[in-house]
Amino acid sequence: MPLKVNYGVDYNDDYNVYEDDNYHYDDLYEYENEKRDITHQTKAKQEVIRTGAWRCPICTYDNEDSMSECDICGALRNCLVKISQTGDSTAGGGRCKSSGASVMVKSLFASFRHRAPAKSVAFEAKNDAVLIEDAFIIRRNFQEFLRAFSSQKHQNINIAPFKFDSPSPDDLVSTRLHSSKLDSKANFKRLSSLDMSTREREKNILIESELGTEGPNSSSASVARDGGVKERDFASDCGIKPEILVSRMRSVSLSSKSRTGNVNEETGTSNLEYKPEAWMIPDQAEDRLSQLNLAIVGHVDSGKSTLSGRLLHLLGRISQKEMHRHEKEAKQQGKGSFAYAWALDESAEERERGITMTVAVAFFNSRKYHVVLLDSPGHRDFVPNMISGATQADAAILVVDASMGSFEAGLDPIGGQTREHALLIRSFGVDQIIVVVNKMDVVEYSQERFEMVKQKLGTFLRSCGFKDSSVLWVPASSMENQNLVATPDERLFSWFHGPCLLDAIDSLQLPARDYSKPLLMPICDIIKSQSQGQVSTCGKLVTGAIRTGSKVLIMPSREVATIRSLERDSQACKIARSGDNVTVNLQGIENNHVTAGGVLCHPDFPVRVSNHLELKILVLDIKIPILSGSQLELHIHHAKEAATVVKILSLLDPKTGKVTKKSPRCILAKQNAVVEVVLQGSVCVEEYAESRALGRVSLRSSGRTVALGLVTQIMKTQ
Ligand code: GTP
Ligand code: MG
């Protein structure tokens, strides 16, 4: 019944590799010890340091004698000398043999080790829960350490202390992409005096003004679309003065006008102006439910597929007969509890392992919406698949497991996918989220447990940039069918009077659709038929519209095909517009010219293709700094490419967006930076100012998301 979306890569191959990747704050402690050991072991080696240089005992980089701090990691030379002089080790001639930082870190972690375990809530009886609480404390201590360390006249390294109430990564990176509170009027004047046809100049001025200014924590200021089709008004939400928003919208739309039209190979530019045809704009009178793309995300085993299967069954999308079959088969394999999940986990491997591996797409109707359900895998090995599916989301359901220890494991900063999924979803621009606190049956429908989950996760979601008013909390049990489509029984109803899940879905707002721009449909999946010249592509239209008989350009192969037919929820339809998730059956095209990760476009307005990008990134909680030469994995819509950081252009102040350091050697956790990356292969991409969906990236390394970013410039392919 559900349509499985394959990312195209068998991540299973890497399964065992990732198993070893245990990233813990405890590791940091060991890491520091290791570093100290190494420092001692390398004492002899330090004798060969060239004269006129001093070696940093933290990162072992040989700095010029004139440097008062390490150029790589920023450790203060004097501070280290002072500490090492009071300690056992000696320091002379500017060569530190013991790391002051390590001493500080050691004492910091030592104090943690002897600390009595904290019990913040009654339910945290389990050891792992205490450990997770400890991790938070370590994290806080470490931040204090960083603050103390960096406050010692330590200018060049800007380690922004992590704040739980800080704006979302998306906001942080996008705020600076739009004009500022202070300068926006001026910028608008400057922009409006521009020659509209000179695209590069516009963009340079726009980005220049964005980089050098202070802005509010807007959830990426709305992009005004040509032709008067508007995005939702964020002005009041963000506390931005209306005139500022207008100026932002105009400044962004000035550059957004420039998208393409017959076709300069390198820049993708032309002077054709796009005008949508009448059929492309939906008729208000049209009696059709709007499509809502709803991603189901959350930590592994939180019950996403069971919840999805239950919903589909309750809403009549899975017949009784089918359900009996799943039940019987699941029981036969000794996995009776997975019967509902099996409605979505269709492959033999998924069923055997009891985990979702690829995104399952299913459909149901609520009162208000035709919902496209995207059931994501929760296991960390399949985060790339989750990214591919969830980039299509208009809103999300974050499922957390209420049972003891499981919620805490999901929220673990190192191994928990609750955090990573929430951050990723927010970075895709999703700002409405329903948190289903599932498996309430396991905790006997305890209000206390629910409130604890709400309080802890709520704090984290706020730090990701979700507004309290955009987060709905639904306690539920998928297994016992409580609070999914109807009022729950007394066990929940005695203390919970909020909406059930289905009502919560209906209370979501549909994001504004962009019908006024040329077609862009990133290809999520392809189905190749054996018969001649027929290929089907699946995906969500980001902008524009298509209908049967339309010609489309397939990028990056630059081949033109004709739309033979369209399907929505396996039903033939004639037209699909922005926001619709459809299967497009193409004819007149060779199979090998269509690839997942490609994009269907209007023939006169091709998407840009490049392997060389300038990105504005927000680095997450990483252990190993990002350096020039770092190898990462770049994810953009449904495409994935190996990326090399070729240049670190600048570090940015996370609050103001101002450049705090040019050409730094490395980027540390929580820092904002502008980098240039070169990809192994080219991807279809747009600058964020022109297309939010095609201008957002996430960067991953060793199975973890290490940074979120926006494309600020598309450069000449290398
Ligand atoms: P992944 O897709 O692999 O991340 O897992 P998932 O989040 O889809 O979890 P899934 O639906 O496969 O369920 C995992 C286990 O949790 C199964 O054994 C389910 O029976 C069980 N489960 C799901 N929901 C509930 C619930 O409400 N109560 C109880 N007690 N168990 C549940
Ligand atoms: Mg699942």
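Contact here means heavy atoms within 4.5 Å. Keep that cut-off in hand for the whole tour.

**Before you start**

This is a predicted model, in which local features need pLDDT of at least 70, side-chain atom pairs count only at pLDDT 80 or more, and totals for chains, interfaces and linings use all residues. Residues are numbered from 1 along each chain as its sequence is written, chains are lettered from A and ligands numbered from 1 in the order in which they are written, and side-chain values use heavy atoms, with hydrogens and water left out.

**Stop 1: the whole chain**

Colour the chain by pLDDT, the predictor's confidence in each residue, from 0 to 100. The mean for the protein chain is 72, and 61% of its residues reach 70 or more. Now select residues 6–50, where the pLDDT is below 50; beyond near neighbours in sequence, this stretch has 79 contacts in the model. Residues 79–263 also have pLDDT below 50, with 361 contacts beyond near neighbours in sequence.

Switch to cartoon view. The chain has 20 helices and 30 strands. Helices (H or I, at least four residues) and strands (E, at least two) are DSSP runs, numbered from the N terminus. Of the 718 residues, 59% are buried. Buried means under 20% relative accessible area, exposed over 50%, and partly exposed in between, with a 1.4 Å probe and protein chains only. Take the contacts between residues at least 6 apart in sequence: 72% of them join residues at least 24 apart.

**Stop 2: the magnesium ion**

Select ligand 2, the magnesium ion. Which protein atoms are its donors? They are OG of Ser305 and OG1 of Thr356, lying 2.0 Å from the ion. Ser305 belongs to helix 12 (residues 304–314), while Thr356 sits in the loop between helix 14 (348–353) and strand 7 (359–365), so the pair ties together parts that are 51 residues apart in sequence. Donors are N, O and S atoms within 2.8 Å of the metal (3.2 Å for Na, K and Ca); water is not among the atoms, so sites may look incomplete.

Are these two residues buried or exposed? Ser305 is buried, at 7% relative accessible area. Thr356 is buried too, at 9%.

**Stop 3: helix 12 and its ends**

Stay with helix 12. Ten of its eleven residues are buried, so the helix is largely enclosed by the rest of the structure. Among the buried ones are Lys304, Thr306, Leu307, Arg310 and His313.

Step to Asp301, in the loop between strand 6 (290–297) and helix 12. Asp301 has a positive phi of about 65° although it is not a glycine. Asp301 is partly exposed, with a relative accessible area of 45%. Then go just past helix 12, to Gly316, whose phi is positive at about 80°.

**Stop 4: two packed helices**

Select helix 15 (residues 383–390) and helix 17 (residues 417–427). They pack at an angle of about 30°, with their axes 11 Å apart. Axes are lines fitted to C-alpha atoms, for helices over the stretch in contact, and angles run from 0 to 180 degrees between N-to-C directions.

Show the side chains. From helix 15, Val383, Met386, Ile387 and Ala390 meet Gln417, Glu420, His421, Leu424 and Ile425 of helix 17. The residues of this contact divide into six nonpolar, two polar and one charged.

Now pick His421, in helix 17. His421 is buried, at 0% relative accessible area. Leaving aside neighbours within four places in sequence, the residues in contact with His421 are Val297, Gly298, Pro377, Gly378, Val383 and Met386. From His421 to Ala390, 31 residues apart along the chain, the C-alpha separation is 9.3 Å.

**Stop 5: Ile434**

Move to Ile434, in strand 10 (residues 433–438). Ile434 is buried, with a relative accessible area of 0%. Which residues touch Ile434, leaving aside its neighbours within four places in sequence? Ile434 is in contact with Ala396, Ile397, Leu398, Leu472, Val474, Leu501, Ala504, Ile505 and Leu508. Leu398 is 36 residues from Ile434 in sequence and 6.1 Å away in space, C-alpha to C-alpha.

**Stop 6: two backbone details**

Select Asn483, in the loop between strand 11 (471–475) and helix 19 (490–493). Asn483 is not a glycine, yet its phi is positive, about 70°. Asn483 counts as buried, at 1% relative accessibility.

Finish at Pro556, in the loop between strand 16 (551–555) and strand 17 (559–568). A cis peptide bond joins Met555 to Pro556, with omega about 10°.

Technical notes: Ala, Val, Leu, Ile, Met, Phe, Trp, Tyr, Cys and Pro count as nonpolar, Asp, Glu, Lys and Arg as charged, and the others, Gly among them, as polar.
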